[in-house]
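Welcome, and thanks for taking a look at this one. Here is a short briefing to read alongside the sequence and the model.

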2 protein chains.
Amino acid sequence: MSRLDRTLIADLAPFEGMQAADLDTMLGQARSMRVVKDTAIFDQEAEAHAFYLLLDGHVRVVKTTPDGQQVIVRYISPGELLGIAHALGRTTYPATAVAAVDCVILSWPSRLWSEFAAAFPSFGANTYKAVGARLQDAHARVIEMSTEQVDRRVAHALLKLVQQTGKKTEDGLLIDFPLSRQDIADMTGTTLHTVSRLMTAWEERGLVKSGRQKVTVVEPHKLLLLAEGQAGK
Amino acid sequence: MSRLDRTLIADLAPFEGMQAADLDTMLGQARSMRVVKDTAIFDQEAEAHAFYLLLDGHVRVVKTTPDGQQVIVRYISPGELLGIAHALGRTTYPATAVAAVDCVILSWPSRLWSEFAAAFPSFGANTYKAVGARLQDAHARVIEMSTEQVDRRVAHALLKLVQQTGKKTEDGLLIDFPLSRQDIADMTGTTLHTVSRLMTAWEERGLVKSGRQKVTVVEPHKLLLLAEGQAGK
DNA sequence: GGCGTTGTTTGCGTTCTCGCAACGTTTATC
DNA sequence: GATAAACGTTGCGAGAACGCAAACAACGCC
C-alpha cells in the first residue's frame with residue numbers, strides 16, 4: 001500500500017477521526033483486489049468471511065427471492081464499507097454484492113472487525129453511524145413503497161443515483177455506470193415495461209435523456225418536483 | 001428496583017451475558033415509568049434525550065409522511081430496547097413511538113448509552129445484534145413490498161404479530177393488543193377497505209376470527225400457505 | 001460484415017387495488 | 001338510555017400497473 005494511497009484513503013468516511021498510524025495498521029492487514037464487471041464479491045447466505053471497502057467502481061447489492069425475483073437493495077460508491085455482517089452479529093451475508101463495473105476493493109477477514117473496532121473507537125463509531133444511515137434509508141424505502149406510486153418512486157431512485165454518482169456532461173448529469181430499465185425496475189418494485197414507458201414520457205418532456213443502459217438527468221429540479229409531487233403532471 | 005425485578009430482567013435479550021453486578025449498575029440509573037395507552041413515548045424528529053426498555057405492554061413505532069399518511073414501522077414487545085438513535089450516531093428519533101396499550105418502561109439518558117456499551121461489551125454487542133436484525137427486517141419489508149401483492153403482505157403481517165404476541169385462546173392465537181383494520185393497512189401499505197375485505201374473506205374460510213380491533217388467527221398453517229403462496233387461493 | 005444476444009419500445013387486454021359513498025355496529029359520553 | 005364518535009362492512013366505478021406478445025435497435029462475436 002503506497003503512501004499516495006493512504007493519503008487518499010484517510011479522508012474516507014469509515015476512517016474519519018482515526019490516527020494515521022492506526023489506519024496504517026489496518027491497511028497493512030488488508031488485501032487489495034480487482035473485481036471485474038458482473039462478478040460477485042460475496043453471495044447471499046454465504047459465510048461472512050470478510051468485509052470490504054470499495055475503492056473504485058460501483059457495486060450493486062441484490063437480494064433474490066425464493067421464486068427468483070431480484071430486488072436491488074442499493075448501489076455502493078467508492079469509500080463505503082460492504083459486507084459488514086459481522087459487525088451486526090450475523091454469520092452470513094444477507095445479500096449478494098456484484099460489481100456493476102470493474103472495481104477495486106480492499107478486504108479484511110471478518111474476525112479483524114472486532115479487533116479494529118475495539119482498538120480504534122472512531123472506526124467502530126463510523127461504522128455504526130453508517131449502519132444507522134442504512135437503517136434509516138431502508139425505512140424510507142418501506143415508506144416510499146407504501147405510500148408513493150411508481151412514477152415518483154422511479155424519479156426518486158434516479159435522483160438518488162444522480163446525487164451519488166452524477167457526472168456532469170453537456171446534456172446534464174449522467175449516472176456513472178450501466179443501468180438498464182430492468183435494474184431501475186428492480187430498485188423500485190415495478191417492471192421494466194413501466195420504467196420504459198416512464199422514461200420515454202420523461203424524455204419527451206425533456207426531463208431526462210437515456211439510451212441503452214444509460215441515463216442522464218437533464219432537469220433534476222423538475223424531476224424532483226415530480227418525485228415530491230407538489231405539482232400535478 | 002426490587003430484587004424480583006432484576007431477576008426477571010436479567011434474562012432479557014439486551015442483557016444477555018452481562019454480570020449481575022453490571023446489570024445492577026445500569027438499573028440503578030434507570031427511571032421506571034408508566035405510559036398510558038395512546039400516549040407518545042417519543043416523537044419523530046425530537047431530540048433523542050433518552051433510550052428505553054419496554055418491560056410490559058406493546059409499543060407501536062410510526063412514521064408520518066409530510067402529507068399525513070401513517071406507516072407503522074413495527075410493534076415492540078416486552079424486553080426490547082427502543083429509542084436507541086444515539087447508538088447509531090443520530091441526534092433525533094427517526095420515528096414516533098406510541099403505547100398501543102398501557103405500558104411500563106425504563107428509561108436512561110442517551111448519554112449513558114456510550115458509557116454502558118464501553119463498560120459492558122455484551123450490552124453493546126447485544127444492541128448491535130438487535131440493530132442488525134432490524135436492518136434485515138426492514139430489507140425484508142422492502143422486498144415484500146416490491147414483490148408480493150396485498151393479500152400475502154397482510155397474511156404475513158398477521159403471522160408476524162401472532163408469532164410476537166400470540167396468546168392462546170379457545171379459538172386460536174389472539175394478537176394481544178388492540179389492532180384495527182387501519183393499523184393493519186398502515187403496516188402493509190394498503191387501505192382499511194382492502195384489509196376489511198380480506199378479513200371477511202378469510203373469516204368465511206375459517207382462517208381467522210376477528211372483531212373490533214381484535215384479530216385471532218385460527219389456522220396459522222393455512223395462513224402461512226397463503227402468505228408464502230405455494231398453493232392457489 | 002453477418003448473426004446471435006441483449007436491451008428497449010409499444011400496443012392491448014386484464015387484474016388488482018384504490019377511492020368514494022353509504023350503511024351497519026360497537027363503544028364511549030353525558 | 002339517548003346520542004355521538006369510532007370502527008367495520010360492502011357495493012360500485014375508475015385507474016394504475018401488470019403481463020403478454022411482437023417488433024425494433026444496439027452491441028459483441030466469429
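## Protein and DNA at a glance

A polar backbone atom of Gln213(A) sits 2.9 Å from a phosphate oxygen of DNA strand C, which meets the cut-off for a polar contact (a pair of N or O atoms within 3.5 Å; within protein, one must be able to donate a hydrogen and the other to accept it, and residues adjacent in sequence count only if both atoms are side-chain atoms). Please keep in mind that this is a predicted model, in which local features need pLDDT of at least 70 and side-chain atom pairs count only at pLDDT 80 or more, while totals for chains, interfaces and linings use all residues. Residues are numbered from 1 along each chain as its sequence is written, chains are lettered from A and ligands numbered from 1 in the order in which they are written, and side-chain values use heavy atoms, with hydrogens and water left out.

**Around DNA strand C**

- DNA strand C is surrounded by 19 residues, and the closest are Arg181(A), Ser196(A), Gln149(B), Thr190(B) and Thr194(B); a residue is taken as near a strand if one of its heavy atoms lies within 4 Å of it.
- Of the atoms of DNA strand C that come within 4 Å of the protein, 67% belong to sugar and phosphate.
- Helix 7 (192–204) of chain A and helix 7 (192–204) of chain B each supply at least two residues of the surface near DNA strand C; helices (H or I, at least four residues) and strands (E, at least two) are DSSP runs, numbered from the N terminus.
- Helix 7 of chain A gives the largest share of this surface, with five residues.
- The surface near DNA strand C has 12 polar, five charged and two nonpolar residues, where Ala, Val, Leu, Ile, Met, Phe, Trp, Tyr, Cys and Pro count as nonpolar, Asp, Glu, Lys and Arg as charged, and the others, Gly among them, as polar.

**Around DNA strand D**

- Here 17 residues surround DNA strand D, with Gln149(A), Val150(A), Thr190(A), Thr194(A) and Arg181(B) the closest.
- Sugar and phosphate make up 66% of the atoms of DNA strand D that come within 4 Å of the protein.
- Phosphate oxygens of DNA strand D lie 2.6 Å from a polar side-chain atom of Thr190(A), 3.5 Å from one of Thr191(A) and 2.7 Å from one of Arg181(B).
- The elements that give two or more residues to the surface near DNA strand D are helix 7 of chain A and helix 7 of chain B.
- Helix 7 of chain B gives the most to that surface, with four residues.
- By class, the surface near DNA strand D has 11 polar, five charged and one nonpolar residues.

**Between the two protein chains**

- In chain A, 25 residues are in contact (heavy atoms within 4.5 Å) with 25 residues of chain B.
- About 2600 Å² is buried between chain A and chain B, and carbon and sulfur atoms give 73% of it; buried area is the accessible area (1.4 Å probe) that two parts lose on being put together, summed over both.
- There are two residue pairs in polar contact between chain A and chain B, both at pLDDT 80 or more.
- On the side of chain A that touches chain B, strand 5 (70–76) and helix 4 (121–147) of chain A each supply at least two residues.
- Helix 4 of chain A gives the most to that side, with 15 residues.
- That side of chain A divides into 11 nonpolar, nine polar and five charged residues.

**How the copies are related**

- Chain A is superposed on chain B by a rotation of 180° with 0.0 Å of shift along its axis (RMSD 0.0 Å), using least squares on the C-alpha atoms of residues with pLDDT of at least 70 in both.
- That is the relation of a two-fold axis.
- The same surface serves both copies, as 100% of the contact residues of chain A recur in chain B.
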